Every structure is written in C-alpha cells, then in structure tokens.
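Biologist: Could you walk me through some side-chain contacts and charges in this one? I'd like to go residue by residue where we can.

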Amino acid sequence: MLLQSGRYFDTVGWMSVKLDNNDQDARNLEMHHRYLDNNIATYIYHAQKSHDFFTKKGKNITRFIDRMEEHEALTKVYGELPSNYYLDCKKWAKNGVDDESLFNFYLNAVETTLVNPKTSANWLFFSNWGVLRGDIYKGIFTKSDLCNPDDRSAFRYATVTRKIANKIVRKTQELIKEKAEEQERKEEEEERKDAEEERREREKERTKQRRFLGNGFRFKDIRESEPGALNIMEDTDQTYLYSESKQQIALTYGWNTQDQCEDNGNDVEHEQFDQVSFDDPEELPVFFWGKKFKEGLGKDEFVDIITTDYIGRGVVANALEKLLEEEYKGQISMKPWLSEYREDVRQNNLLEKYVESTFPYKPPVPIKSQ
C-alpha cells in the first residue's frame, strides 16, 4: 500500500499491489490505483475505524500544527479576492487582457505595491514563472495563499539605457535555454560514455569466456538478457506492471474521486481546468513582464529593470554583461550587479501588501436576533 499526495494535496493517491504468488514473473503483479478526497471523514471511512482513529502521536502533531498556526499567523486574513487567478490555464500573452491570469495579478501587484514612481520614472519588471507556485482562488486571502511565503529575498534592479532594456528579457531567456541545452548535451554524452564502457566490459567478459572454452574448460555460456526481459528494480517505466486485462485508468485532478464515503467526506467535486505546458524544450523559457515608460522615451535614456532575486543575481547579470559587450564592443569593462530594490517590499510580502490595500476584507455584519 502506498499513499501519495495529489495536486497540492487536494487528493490522495492510493496504490495497492497484490504480491502473493508473484515470485516468478513481475509482469503478473496486480496493481490498483485510485484517488481519495483529502479529509478526515474519508480516512476514517477507508480505515474502517471510528473511536480509535486519532492516535496519541497524531494528536500531538495536531497540537503542534495549531501552535505553529498561531505563532506564524497562517490564517490571518489580508483581504478578499473577487476572482480566481490561474497559473497555467492558458499561455500568458504580452499586452493580453485576462482578468483571471495569475501573471497579470502579480504584475498588478508589482506596479501598485513594488515600484516606487518617485525613483523609477521608467521601469521594466520581468521574471520567470517559477516565482508563482499555483492558482489563487476567490475569497478570503491568507498567508497560506502566498506564492512564496518563506522567501524573504529582495527584488533586484539595475539602471540601464532603454536600448539595453528592450533586449534584456529575450537575452535572459536565450541564456537559460542555452544552459539547459548544454546540460542536456553533457548528460547525453555521459550516457553515451557509460553505454560504451558497459559494452567494453561485456566484450571483455565474452573474450574471457572464449579463452576458457579454448583451453578445454567447461564454462557456462554467459548471455545477455533476452529482448523484452525486464528488471523491476532497474526499469523506471512501470506501465508493464499492469496486465492488459486489469489495467485501470487512474483518475486525475478535476475528476470526482468516487470515495463512496458518507456525509461531508464524500466525493468533493473538483473543477476541471484547462492546462498548458511550460516545459517545451523547443521554445524559450516562459517569462512574463510589465513596463511603464514615459511617452517618447529615447533609446539612450535610463530605465530601471527590476526582477526577482533568483534570476537577478545570476542569469540576468550575465545577460547584461553580454549585452554591454555587444553594444560597446569591449569599450566598457565591468561586471554588472543588480542591487536590492526595496527593503520594505520583498518577495514574501508583496502580495499580502497588495491584497491588503487593494482588496480589503469586510467582515460580514452579524444579524441581530429578534
């Protein structure tokens, strides 16, 4: 039996394998897989327990979580959102209007809460999508809804000419893609070397065997595994563990889990979302950006480029260095560095400040009893 969390622990994957009388052929393993709703009522139902379900250790963990929640104020309400904001329902489009895009929601927070118009008259913010972790839903917004609640890193910036700013996003994307392609080539080369080394070892073994046989020794022939033979411990693709007649289609996020559990533990309906992939190796890495330039800004006038700490200290600095080399043909010798943009607004509190000021929470008015 194996338990594994589903998408952000909305569901729990339950897998069971029948191991009795399966010593001879791994292909005959009988596997079953399903998703269960993640709530106590479901667990009690499937564990077939009631009065003794909560163990002493479990109660201690619950008390620890309660104290942590109180100490970290995890359920403190910062505001109330009027809409859902989705990360990967559709690809982000430059200048696109999508009121339910998490990218646009974040860019609005940047413009409203992060950018200081007194010091940054012209600015460009950009980031890879990794700064966003998952969808944010309509209703009360708490610390647990934050994209990066524990990332206290500062946003970083550098002041460059508009000519450089116009090229920085694409140059950064290109460098990330080049690095990924180089890493892939290295891995393929290592795999090729390993395969070649394995082939040489097999050839040595066969040569050794032939020498024994040539000297009159009786030696059991060493053969490679027959085509199609599978080692359950080495093969990472486990689809063969299902027999064709018993293979089940696993339910995915967005499906009714069909727990057959009573009352509030039964079959929570999950909304079916469209989803796009951000991992196309043929495309540039997914970035999103927003900017505000004064009208008629010249190519040699200054712009603050602002980005997240992770890419700002690494690949963005490298991209700036390459752009400066291309622009000034080696006349400028410097190692670009992005400084901290603001001390008070950081990656862990940007959204809470934005939501608190833009979508204030209005507690319901209690109804007076007659």
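Biologist: What does the side chain of Gln173 reach?

Modeller: In this predicted model, the side chain of Gln173 reaches the backbone oxygen of Pro285 at 2.8 Å, which is a polar contact, meaning a pair of N or O atoms within 3.5 Å, where within protein one must be able to donate a hydrogen and the other to accept it, and residues adjacent in sequence count only if both atoms are side-chain atoms.

Biologist: And is Gln173 buried or exposed?

Modeller: Gln173 is buried, with a relative accessible area of 9%; buried stands for under 20% relative accessible area, exposed for over 50%, and partly exposed for what lies in between, using a 1.4 Å probe and protein chains only. Gln173 belongs to helix α4, and helices here are DSSP runs of H or I with at least four residues, while strands are runs of E with at least two, both numbered from the N terminus.

Biologist: Before we go on, what should I keep in mind about the model and the numbering?

Modeller: Residues are numbered from 1 along each chain as its sequence is written, and side-chain values use heavy atoms, with hydrogens and water left out. Because this is a predicted model, local features need pLDDT of at least 70 and side-chain atom pairs count only at pLDDT 80 or more, whereas totals for chains, interfaces and linings use all residues.

Biologist: OK, salt bridges next. How many are there in the whole structure?

Modeller: A search of the whole structure finds 21 salt bridges, each being a side-chain nitrogen of Lys or Arg within 4 Å of a carboxyl oxygen of Asp or Glu. One of them joins the side chains of Glu326 and Lys171, at 3.0 Å from N to O. Glu326 lies in helix α6 (residues 315–328) and Lys171 in helix α4 (residues 162–214), so this pair ties together parts that are 155 residues apart in sequence.

Biologist: How covered are those two partners?

Modeller: Lys171 is buried at 15% relative accessibility, whereas Glu326 is partly exposed at 43%.

Biologist: What about a pair within α4 itself?

Modeller: Glu203 and Arg206 form a salt bridge through their side chains, at 3.3 Å from N to O, and the two residues are three apart in helix α4, so they are separated by about one helical turn. Both come out as partly exposed, Glu203 at 31% and Arg206 at 27% relative accessibility. There is also a network of salt bridges that links Glu196, Glu197, Arg199 and Arg200.

Biologist: Which residue does Glu343 pair with?

Modeller: The side chain of Glu343 meets that of Arg346 in a salt bridge, again given from N to O, at 3.3 Å. Glu343 is exposed at 60% relative accessibility, but Arg346 is buried at 16%.

Biologist: Switching topic, where is Leu146?

Modeller: Leu146 is in the loop between β6 (139–142) and β7 (156–161), and at 9% relative accessibility Leu146 is buried.
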